[in-house]
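Visitor: I am new to this structure. Please pick out a part and take me through it closely.

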Amino acid sequence: LTFCKKPSFAEKVEYSKPVGGQAIIGPSIRFAELAIREWGNVMVDTTTIYEDARIRRVRVSTTDMQTNASFSKEISINKTVERRNGKGRDVIRQRKNTYGQTVYVVAATDDELMTKEAALVSKAIRNEGLRLIPGDVIEEAINTARATLQNRDAEDPDAARRRLLD
């Protein structure tokens, strides 16, 4: 709750993602990481359980060491990425995107694979880790962050307008 009273962190507490013409809003990865750390006695473990030339499977587990409550999720990471240009890359296939443009599915480089895995693991940690923290605690923290941002904007409306325009 202390961190949610800081405007710089309060801005990062929730994410918004457009899905089907509507915004899906929820606790962000950064919020979950902090909440898990502050909750204490939570062990987060990621283990590669399978890998071949096409796919890597990783198990993400979160365990509350005090209550022994545990949640895990297996994620599959295809070793491909989509790019607009396939030149100089190992093109596996191509497809048309929703805009009618050709998109190339290419073999991921080590850096691309690492970035893709990190993003998927972070999402799994957020989802599984927040299951260990009581919902009312999460709700209170989010409400505190929202109030922090509303108060900040009310205190300095010119700065709020500048942020919006930026």
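Visitor: Let me start with one residue. Does valine 103 count as buried or exposed, and at what relative accessibility?

Guide: Valine 103 counts as buried, at 7% relative accessibility. Buried means under 20% relative accessible area, exposed means over 50%, and partly exposed is in between, using a 1.4 Å probe and protein chains only. A word on the model before we go on. This is a predicted model, where local features need pLDDT of at least 70, side-chain atom pairs count only at pLDDT 80 or more, and totals for chains, interfaces and linings use all residues. Residues are numbered from 1 along each chain as its sequence is written, and side-chain values use heavy atoms, with hydrogens and water left out.

Back to valine 103. It lies in strand β8, residues 102-107. Helices (H or I, at least four residues) and strands (E, at least two) are DSSP runs, numbered from the N terminus. Setting aside residues up to four places away in sequence, valine 103 touches Glu82, Arg83, Arg93, Gln94, Arg95 and Asn97. Contact here means heavy atoms within 4.5 Å. Phenylalanine 3 is 100 residues away along the chain, and the two C-alpha atoms are separated by 42 Å.

In soluble globular proteins, nonpolar side chains tend to be buried together.

Follow leucine 130. Beyond its neighbours up to four places away in sequence, leucine 130 touches Pro27, Phe31, Ala32, Ala35, Ile125 and Ile138.

That brings us to a helix pair. Two packed helices are described by the angle between their axes and the distance between the axes. The axes of α2 and α3 come within 9 Å and cross at roughly 50°. Axes are lines fitted to C-alpha atoms, for helices over the stretch in contact, and angles run from 0 to 180 degrees between N-to-C directions. So α2 and α3 are oblique to each other. Angles under 35 degrees count as roughly parallel, over 145 as roughly antiparallel, 65 to 115 as roughly perpendicular, and the rest as oblique. The crossing is left-handed: the near helix is turned anticlockwise from the far one by less than a right angle, whereas clockwise would be right-handed.

Which residues meet there? From α2 come Ile29, Phe31, Ala32, Glu33, Ala35 and Ile36. From α3 come Ser122, Lys123, Ile125, Arg126, Gly129 and Leu130. By class, this contact has seven nonpolar, two polar and three charged residues. Ala, Val, Leu, Ile, Met, Phe, Trp, Tyr, Cys and Pro count as nonpolar, Asp, Glu, Lys and Arg as charged, and the others, Gly among them, as polar.

Stay with α2. Its buried residues are Ile29, Phe31, Ala32, Leu34, Ala35 and Ile36. After α2 comes glycine 40, with a positive phi near 80°. Asparagine 41 sits in the loop between α2 and β3 (42-51). Its phi is near 55°, a positive value in a residue other than glycine.

Next, the strands. Threonine 47 is in β3 and is partly exposed, at 33% relative accessibility. Apart from neighbours within four places in sequence, threonine 47 is in contact with Arg57, Val58 and Arg59. Serine 61 is in β4. With a relative accessible area of 15%, serine 61 is buried. Its contacts, leaving aside neighbours within four places in sequence, are Met43, Val44, Asp45, Phe71 and Ser72.

In the loop between β4 and β5 you find asparagine 68. Its phi is positive, near 65°, and asparagine 68 is exposed at 61% relative accessible area. Then comes glutamate 74, in β5. Glutamate 74 is partly exposed, at 46%. Its C-alpha atom and that of serine 61 are separated by 8.7 Å. Leaving aside neighbours within four places in sequence, glutamate 74 is in contact with Ile49, Val58 and Arg59.

One last stop: arginine 152 in α4. Arginine 152 and proline 7 are 145 residues apart along the chain, yet their C-alpha atoms are separated by 7.3 Å.
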